[in-house]
Amino acid sequence: MPNPARILIVDDLLSVREVLRAGLESAGQEIQTASSAAEARAMFTAGRFDLVICDIQMPGESGVDLLDWMKSQDADVAVVMVTGVDDAITAVTAMLKGASDYLTKPFTLPEVRARAEQALEKRRLKLDNRAYQVRLEQLVEERTTDLRGAMVRIRGLNEDLRTAYDATLSALMMALDFRDNETQGHSIRVVEYTERLAKQIGLKEPELTDIRRGAMLHDVGKIGIPDAILRKPGKLNAEEWDCMKLHPKFGYDMLKDIKFLDLPSQIVLSHQERWDGTGYPRGLKGEEIPLGSRIFAAADTFDAMTSDRPYRAAMTYDQARQELLDFSGRQFDPQVVEAFILVPQEEWFAIRVSVQAELAARKGGGAPERLLQAVSITI
């Protein structure tokens, strides 16, 4: 059996207080009453309540003023306002200030019980969602969430946990970097580069969020690639390369049934397509390729070119810029390349410095001066 709710009834009329007390106590709730806003303040301070049923019109301080004060003390308290027939506008105003519901006099006890239970249920759901969000954040910090299990759990998350979604996706991205860490910080930089380029093109929310999530998850399908292939130090043979080319489809299949990842999953599926139709897995051409994928392709290639790899040194900014221009209209969308050129070199530089500083801070080392020098050599 759940614990009884603690309910405070505030009304200057004793008869109303006693009727409400009797009706709610019979439903198994714990009831206290107050005859004024001042008395209610004292009781509220002495012990918090789950629900307050409060009259609007009282001598002295009004119920609406008391509502403001109670919400400042406990934003989670549920409040049901009681009003006369001619005062419905004030009741609606109270709801805009945070009241859960209102009752109009004369009311019946069944109506009171139903409204009280609805208000308490809303409060319980809000607290449950908050507790769940805290738990998700703990899982992200620990980085021990099973990758496949995390994607399954995301399917059932409530819309109120949208901010926790991105934290979970960040954990997935970092976990993938741990498995395929050819270039430290690559995934984080590419996400930031992709978002900056999307803004330059003129995209706004919610498209920016979808593109950012697509960039974060672009390589999630590599979960399905064997380590022997993914971490192979040398070049892949034809059979291994055919297997590697399956990772966009693997990633799409993981994400396609998650409603809020509908558009990001298309970016995951198409991030290896090329403007001239020679990419994979579907050989899309031109504007058949989702715009987010076209933006990501330029950002991803830019980071790859300006990062050291075991088999070559990083290109300078000017060299990478020229490479994008040379392959504009073949590998890359010409309009995306044009937008890239319009972003000042210093902004790309600043993004790389910021990401490297963040990585160094996580590891607890690395002087900012050394980071700045190392990055300036590349860009």
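Here is a walk through the structure, from the overall picture down to a few individual residues.

Keep in mind that this is a predicted model, so local features need pLDDT of at least 70 and side-chain atom pairs count only at pLDDT 80 or more, while totals for chains, interfaces and linings use all residues. Residues are numbered from 1 along each chain as its sequence is written, and side-chain values use heavy atoms, with hydrogens and water left out.

Let's start with the whole protein. It has 18 helices and 5 strands; these are DSSP runs numbered from the N terminus, with helices being H or I of at least four residues and strands being E of at least two. Of its 379 residues, 46% count as buried. Buried here means under 20% relative accessible area, exposed means over 50%, and partly exposed is in between, using a 1.4 Å probe and protein chains only. Among contacts (heavy atoms within 4.5 Å) between residues at least 6 apart in sequence, 62% join residues at least 24 apart.

Now look at strand 1, residues 6–10. Because 4 of its 5 residues are buried, strand 1 is largely enclosed by the rest of the structure. The chain goes from strand 1 through helix 1 (residues 14–25) to strand 2, making a right-handed β-α-β crossover. Right-handed means that, with the strands pointing away from the viewer, the path from the first strand over the helix to the second runs clockwise. Strand 1 runs parallel to strand 2 (residues 30–34), joined by 5 bridges; for two strands to pair, DSSP has to find at least two bridges between them. Strand 1 also pairs in the parallel sense with strand 3 (residues 51–55), over 4 bridges. Ile9 is a handy landmark: it stands opposite Thr33 in strand 2 and opposite Ile53 in strand 3.

Next, move along to helix 14 (291–305). Helix 14 has 15 residues and reaches 22 Å from its first C-alpha to its last, close to the 21 Å expected at 1.5 Å a residue, where the expected span is 1.5 Å times one less than the number of residues. With 14 of the 15 residues buried, helix 14 is largely enclosed by the rest of the structure. Asp303 lies in this helix and, at 0% relative accessibility, counts as buried. The side chain of Asp303 makes a polar contact of 2.6 Å with the side chain of His186 and another, at 3.1 Å, with the side chain of Arg352. A polar contact is a pair of N or O atoms within 3.5 Å; within protein, one must be able to donate a hydrogen and the other to accept it, and residues adjacent in sequence count only if both atoms are side-chain atoms. Leaving aside neighbours within four places in sequence, Asp303 also touches residues including Arg189, Val190 and Tyr193.

Arg282 counts as partly exposed, at 43% relative accessibility. Not counting residues up to four places away, Arg282 touches Gln266, Leu269, Ser270 and Glu273.

Finally, helix 16 (residues 334–342) has buried residues Val336, Val337, Ala339 and Phe340. They cover an arc of only 160 degrees around the axis, so they lie on the same side of helix 16; the arc is that of the directions from the helix axis to the C-beta atoms. On the other side, Gln335, Glu338 and Leu342 are exposed.
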